[in-house]
Amino acid sequence: MKKNMGNTDRMIRIIAALAVIGLYYFNVLEGTIAYVLLALSGIFALTSFISFCPLYSIFGLNTCKVKK
């Protein structure tokens, strides 16, 4: 897998995942929507740690800086 996520993209995804986890922990999110958002935040965290997003490769996106 070739990296296709830049640092800014990774940080935004990690912050979003942590925000959802925090909202769930403090009972702001409840019910089905909470579980859906927790699943998405898990996916965001996983793709951030491996720097690869499968949807980016499907659509031909790349937010990594090109080394010269």
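## Largest pocket

The lining of the largest pocket in this predicted model consists of two nonpolar, five polar and five charged residues. Here Ala, Val, Leu, Ile, Met, Phe, Trp, Tyr, Cys and Pro count as nonpolar, Asp, Glu, Lys and Arg as charged, and the others, Gly among them, as polar. The lining residues are K3, M5, G6, N7, T8, D9, R10, S51, T63, C64, K65 and K67.

The space in this pocket is about 220 Å³. A pocket is an open set of points on a 1 Å grid where a 1.4 Å probe fits, with protein on both sides within 12 Å along at least five of seven lines; lining residues have an atom within 4 Å of a point.

## Salt bridge

One salt bridge is counted (a side-chain nitrogen of Lys or Arg within 4 Å of a carboxyl oxygen of Asp or Glu). R13 and D9 form a salt bridge through their side chains, at 3.5 Å from N to O. Both residues belong to helix α1 (residues 7-25), where they are four residues apart, about one turn of the helix. Both R13 and D9 are buried, meaning under 20% relative accessible area with a 1.4 Å probe; exposed is over 50%, and partly exposed is in between.

## Nonpolar surface patch

I33, V36, L40, I43 and F44 make up a nonpolar patch on the surface, with about 430 Å² of accessible area together. Nonpolar patch residues have over 30% relative accessible area and no salt bridge, and their side chains are joined within 5 Å.

F44 is in helix α2 (residues 31-50); helices are DSSP runs of H or I with at least four residues. F44 counts as partly exposed because its relative accessibility is 33%.

## Basis of the values

Residues are numbered from 1 along each chain, and side-chain values use heavy atoms, without hydrogens and water. In this predicted model, local features need pLDDT of at least 70 and side-chain atom pairs pLDDT 80 or more, while totals for chains, interfaces and linings use all residues.

Methods
Patch = residues over 30% accessible without salt bridge, like charges linked within 9 Å, V, L, I, M, F, W, Y side chains within 5 Å. Areas by Shrake-Rupley, 256 points an atom, 1.4 Å probe, with all protein chains shown as cover. Helix = DSSP H or I, 4+ residues; strand = E, 2+ residues; numbered from the N terminus. Points joined across faces, edges and corners; volume = space filled by probe spheres on them.
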